[in-house]
Amino acid sequence: MTAPLEIRAGGNPLALWRQVRQGAAPRLAPDCRPRIEAGHRAILAAAAGERAVYGLNTGFGKLALVRIPAGRLVELQVNLVRSHQAGVGEPLPAPAVRLVLATKLASLAHGASGVQPAVAELLEAMLARDLLPVIPSQGSVGASGDLAPLAHLAAVLIGEGEAFWHGERLPGREALARAGLAPVTLGPKEGLALLNGTQVSTALALDALFALEPVLAASLVVGAASVDAAAGSDTPFDPRIHALRGQPGQIAVASILRALMAGSAIRRSHLEGDPRVQDPYSLRCQPQVVGACLDLVRQAAATLEREANGVSDNPLVVETGEVLSGGNFHAEPVAFAADQLALVIAELGNIAQRRCALLCDPALSGLPAFLVREPGLHSGFMVAEITSAALASENRQKAAPASIDTIPTSIDQEDHVSMAAHAARRLGPMVENLARIVAIEALMAAQGIELRAPLATSPRLSRFLEAVRSVAPPLDADRPLSPDIEAVAGLVRDGTLAGILTVEERALLFGDGA
């Protein structure tokens with residue numbers, strides 16, 4: 001019997017967050033409850049004391065010097081949730097909201113946030129029932145935490161705001177009631193514990209990371225197919241070359257490309273007597289470029305895994321019971337990870353677009369111009385290549401680092417911010433652009449391989465050809481290509497092309513569970 005999925009106080013793997021994104025609803029591990037209870041007792045004791053403690057018995061931000069009477073502490077937390085609901089824009093997509101709920105629950109699991117167990121239990125129940133708060137996508141600068149979007153989440157817990165329930169957008173209290181749940185009454189610091197934190201930025205970055213993984217894997221399959229379509233060489237993928245450099249991503253990518261091309265009759269046909277000495281970089285240097293991208297993906301994934309498991313609100317209860325004020329809400333690590341992913345997405349698109357251009361050029365590919373018989377009468381993939389350039393350019397513009405931008409807020413109390421939410425939010429559209437670039441290259445590579453007939457590609461790349469042809473026929477004469485691009489982009493996104501890699505190869509790229 002498979003053990004139930006659990007969220008623990010640290011140590012939750014990326015595989016768990018992948019499952020949450022797809023709709024899994026892990027429960028809170030039982031051993032988290034004593035931690036949560038102990039932290040809550042410490043907060044209640046601090047709130048009852050004479051000492052001013054930020055967020056418990058004081059105002060917030062620049063108003064932290066204002067002391068709040070004991071009889072108004074509940075009102076303080078409710079006012080915080082209400083005042084901070086200032087988000088704008090389209091609601092976050094359901095997979096990202098699931099990740100927000102789950103990572104907030106993981107943060108509270110440590111007990112350092114000081115909330116009552118009922119708060120964590122309600123989050124757990126909302127996740128189990130797929131009751132998803134309506135969270136506007138804009139309004140966070142990534143410090144102090146994702147305040148505005150998380151306020152919209154917190155509002156549902158107190159019976160306010162809005163939530164999606166079975167696809168219907170409802171007032172928060174009604175959504176809770178339909179799910180058989182009741183709102184909580186916030187105690188000291190609990191509104192702040194829910195609003196402070198990097199969970200929205202982290203969830204958006206994780207959502208994009210998981211969307212990117214099948215696209216990156218597909219780009220390796222398509223890149224290998226392009227080498228064969230262009231009658232390129234697999235010698236640059238020889239493991240001895242890459243061992244001498246020692247870059248792990250490069251070594252992994254080279255081994256996969258070489259395995260994909262193994263057994264190609266097209267490759268065997270020009271082992272001897274080929275006047276070309278070296279292929280263009282977009283073919284030959286795939287291990288170096290995509291391998292470097294893979295190393296960045298791994299680094300960003302490690303950062304996001306740590307962040308999803310950490311505690312990022314303020315103030316925090318430590319082991320001694322003390323309540324300490326710090327700055328874990330500052331999302332700079334997430335902003336850097338998102339910027340790294342943006343660079344990866346842009347570069348994967350850049351090199352794929354160059355292969356699109358190469359395949360269309362008879363001087364470089366040895367194939368008919370624009371990959372169509374009777375060029376001139378037919379334009380073939382001419383404008384599809386232009387579309388790939390437009391998408392690559394758009395991604396380059398989006399890839400400008402967000403983490404170096406900062407606008408002081410809250411009357412200069414928050415005088416340096418991370419812009420992590422924006423850094424992560426732009427990644428989703430970038431991955432969509434990349435999927436379409438790879439789809440355009442896939443259509444061209446399939447066409448190029450078929451133009452090499454009667455020579456055949458490798459057995460594994462024949463599976464690629466079959467997958468593409470299952471949704472898009474060969475281009476024998478001009479026709480609208482938009483439907484074909486979208487159909488093949490679906491194969492790129494949904495893991496069909498990535499599935500041509502073995503389980504071991506996918507694990508080599510992204511770890512177990514990818």
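Before we look at any pair of helices, here is a term to keep in mind: a crossing counts as right-handed if the near helix is turned clockwise from the far one by less than a right angle, and as left-handed if the turn is anticlockwise. Please also remember that this is a predicted model.

With that in hand, find α9 and helix α11, residues 248-261. α9 passes α11 in a right-handed crossing. The residues that make this contact are Leu-220, Val-221, Ala-224, Val-227 and Asp-228 on the α9 side, and Val-253, Ile-256, Leu-257, Leu-260 and Met-261 on the α11 side. Sorted by class, they come to nine nonpolar, no polar and one charged. The two axes lie 9 Å apart, and the packing angle is about 55°. α9 and α11 are therefore oblique to each other.

Stay with α11, and turn to its contact with α22. Here the angle is about 155° and the axes are 10 Å apart, which makes α11 roughly antiparallel to α22. The handedness of this crossing is left-handed. From α11 come Ala-252, Ser-255, Ile-256 and Ala-259, while α22 brings Glu-505, Leu-508 and Leu-509. This contact divides into five nonpolar residues, one polar and one charged.

Another pair to visit is helix α14, residues 286-309, with helix α15, residues 332-360. They pack at about 155° with axes 9 Å apart, and because angles over 145 degrees count as roughly antiparallel, that is the label for α14 and α15. α14 passes α15 in a left-handed crossing. Among the contact residues are Val-289, Cys-293 and Leu-296 of α14, and Ala-337, Leu-341 and Val-344 of α15. The contact has 14 nonpolar, four polar and three charged residues.

What is the volume of the largest pocket? The value is about 720 Å³. Its lining has 38 residues, and those closest to the centre are Arg-21, Asp-207, Ala-208, Phe-210 and Ala-211. Two or more lining residues come from each of α1 (14-21), β3 (88-91), α9 (199-229), α18 (420-425), α19 (427-451) and α22 (503-510). So which element gives the largest share of the lining? That is α9, with nine residues.

Notes. Residues numbered from 1 in each chain as written. Predicted model: local features only at pLDDT ≥ 70, side-chain atom pairs only at ≥ 80, totals over all residues. Heavy atoms only, no water. 1 Å grid on protein atoms, 1.4 Å probe; cavity = no way out; pocket = protein on both sides within 12 Å on 5 of 7 lines; lining within 4 Å. Points joined across faces, edges and corners; volume = space filled by probe spheres on them. Helix = DSSP H or I, 4+ residues; strand = E, 2+ residues; numbered from the N terminus. Axes fitted to C-alpha atoms, helices over the stretch in contact; angles between N-to-C directions. Parallel < 35°, antiparallel > 145°, perpendicular 65-115°, else oblique. Contact = heavy atoms within 4.5 Å. Nonpolar A, V, L, I, M, F, W, Y, C, P; charged D, E, K, R; others polar.
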